[in-house]
Amino acid sequence: MMEIPKEVKSIIKKLIKNGYQAYIVGGCVRDLLMKKEPQDWDVATNALPLQISKIFPNNYIDNKFGTVKVQTKSRIEALKEIEITTFRIEESYVDKRHPNDLEWAKTIEEDLARRDFTVNAMAIKLDSKLCDIIDLFGGQKDLKDKTIRAVGEPDKRFKEDALRLMRAIRFACVLDFKIESRTYQGIKNNSGLLSFISKERIRDELVKIIMSKNPSFGIELLRETGLLRCIIPEILEGYKIGQNKHHIYDIYEHALKSLSFAASQNFDFHIRFAVLLHDVGKPRTKAGEGLNSTFYNHEVVGAKMTAQILERLKFPRKDIKKITKLVRFHLFYYNVGEVNESSVRRLLRGVGQENIKDLVYVRMADRIGSGCPKALPYKLRHFLYVAERVSQDPIDVTMLKVSGNDIMEILSIEPGPLVGKILNILLAEVLEMPSKNKKGYLKERIKELGGLDQKELDKAYLCSKEKTDEVVAKRDKMTKNKYWVT
């Protein structure tokens, strides 16, 4: 087992020194036994919240359920705040989430018996140099067998707190465990209770499932147990709905295959949600059957549905906007030599320059989910090249800190070819040495160039054009190399 941090040991020792029992409990025990770094630390004690507060002045009582958060001086994020909770027995759960009655327990055994799953219902007792593991429900065996099992009677556990229905799925995904049969059946039996849980809490659990290493497994578990119908029933509309000659999987299977690829590439949650929902509009737009069926405007319908789904789940507005855009434009068309730069610029305006790579990542996942062997074919790489090229700052005289008006004023001349020639000479010098792009220097240089005879000025102008063309070609070559295009 991994070493227990000194901050946690210190809290345990202080509680014991003051005559109380104290144990490390919950998920951090599970993580320690799995040789993983815990993301947070929990301590359980028979000391009451006010008694805990007296021992640790630098604290605040988080809620009415006996939790005191103690601040430490640790630089490690997971140890900056350690939760200490009084042993408790929870009686009834009127709202299927929070206990209506709360009774303090006297022993750690009573406290562990109220917890959700066996792998989370273990405690560690620090005794001098030894760590005594208290495991009343076979948590260590379930860890070894990679099993999620409810503590005691599954139906009772889920009726107490319906969020546990999703937590079981989440732990199975994150830990890559299976769900024990009685616990699995308990989830199915009580799936309807999820309606008692706030959309925000459901959203948070869903994000953790989507961001796990195996989110497709999680979505399938949600479907099998009936929970998906309570969260995103729109996805179920594509279950067993066949597609056309461009796909070998039905709509639902395609979404899961695409999501699996997105997870394998460690894409962020905006991309993963967009991938999961990119074809959510297909069932409502399907026309015909078999290989020639069509789904015209499914991306438009899907974008509207995506916005509704994410709003229902209380996602932040900025996340809704980005994910919806990725769904709306995921079907963008591009062929080398066929689609011009103006079309790419229109797409950039629609989806946003900052989202263009994420849009390509969605397309990559879509391709793999369709059974294509390559995620990033030449035409997508070429699209990225063109998109970056057209979005780059133009290499022209507008980059300069002076303008044609400055030249005309300094040299007391009218508009004409001379103004353009001097601007291009200045541009070449600035491209070669960007530090020269200062108004004071450029004004002095204008005076010098204005004193040249026509032959010298023409020679300097031709030389500047060559230098500028060389810079443009070099930048274009670098962009092409970046995306492996010719």
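Predicted model: local features only at pLDDT ≥ 70, side-chain atom pairs only at ≥ 80, totals over all residues.
Trainee: Why is Arg203 called buried?

Mentor: Buried means under 20% relative accessible area. Arg203 has 16% relative accessibility, so Arg203 counts as buried.

Trainee: Where does Arg203 lie, and which residues is it in contact with, leaving aside neighbours within four places in sequence?

Mentor: Arg203 lies in helix H9, residues 199-210. Its contacts, with those neighbours left aside, are Leu313, Lys314 and Phe315.

Trainee: What makes Ser258 buried?

Mentor: The cut-off is under 20%. Ser258 has 0% relative accessibility, so the label applies. Ser258 is found in helix H13. Not counting residues up to four places away in sequence, Ser258 touches Val275, His278, Ala365, Asp366 and Gly369.

Trainee: Why does Gly352 count as buried?

Mentor: Set its 9% relative accessibility against the limit of 20%. Gly352 is under that limit, so Gly352 counts as buried. Gly352 lies in the loop between helix H18 (341-351) and helix H19 (356-369).

Trainee: How far apart are Gly352 and Leu326, in sequence and in space?

Mentor: They are 26 residues apart in sequence. From C-alpha to C-alpha, the distance is 9.8 Å.

Trainee: Now the rings. How do you know that Tyr23 and Phe87 pair, and why is the pair called tilted?

Mentor: The model has 11 aromatic pairs by the rule used here. Ring centres must lie within 6.5 Å. The centres of Tyr23 and Phe87 are 6.1 Å apart, so the rings pair. Planes under 30 degrees apart count as stacked, and over 60 as edge-to-face. The planes of Tyr23 and Phe87 are at 40°, so the pair is tilted.

Trainee: What does the pair of Tyr23 and Phe87 tie together?

Mentor: Tyr23 lies in strand S1 (residues 22-25), and Phe87 in the loop between strand S5 (81-86) and strand S6 (88-90), so the pair ties together parts that are 64 residues apart in sequence. Both Tyr23 and Phe87 are buried.

Trainee: What makes the pair of Phe267 and Tyr361 stacked?

Mentor: The centres are 4.6 Å apart, with 20° between the planes. Phe267 lies in the loop between helix H13 (251-264) and helix H14 (269-277), and Tyr361 in helix H19, so the pair ties together parts that are 94 residues apart in sequence.

Trainee: Why is Phe267 called buried, and Tyr361 partly exposed?

Mentor: Phe267 has 7% relative accessibility, so Phe267 counts as buried. Tyr361 has a relative accessible area of 28%.

Trainee: Which residues do ring pairs link into a cluster?

Mentor: Phe117, Phe158 and Phe171.

Trainee: How do you know that the charged end of Lys421 sits over the ring of Tyr461?

Mentor: The distance limit is 6 Å from the ring centre. The charged end of Lys421 is 5.9 Å from the centre of the Tyr461 ring. Arg328 lies over the face of Phe329, at 4.8 Å from the ring centre.

Trainee: What is the volume of the second largest pocket, and which residues are closest to its centre?

Mentor: The volume is about 710 Å³. Of the 25 lining residues, the closest to the centre are His246, His247, Lys282, His298 and Leu331. H19 gives the most to the lining, with three residues. By class, the lining has eight nonpolar, 10 polar and seven charged residues.

Technical notes: Residues numbered from 1 in each chain as written. Heavy atoms only, no water. Helix = DSSP H or I, 4+ residues; strand = E, 2+ residues; numbered from the N terminus. Buried < 20%, exposed > 50% of the residue type's maximum accessible area, 1.4 Å probe, protein only. Contact = heavy atoms within 4.5 Å. 1 Å grid on protein atoms, 1.4 Å probe; cavity = no way out; pocket = protein on both sides within 12 Å on 5 of 7 lines; lining within 4 Å. Points joined across faces, edges and corners; volume = space filled by probe spheres on them. Nonpolar A, V, L, I, M, F, W, Y, C, P; charged D, E, K, R; others polar. Phe/Tyr/Trp six-rings, centres within 6.5 Å; stacked < 30°, edge-to-face > 60°. Lys NZ or Arg CZ within 6 Å of the ring centre and 35° of its normal.
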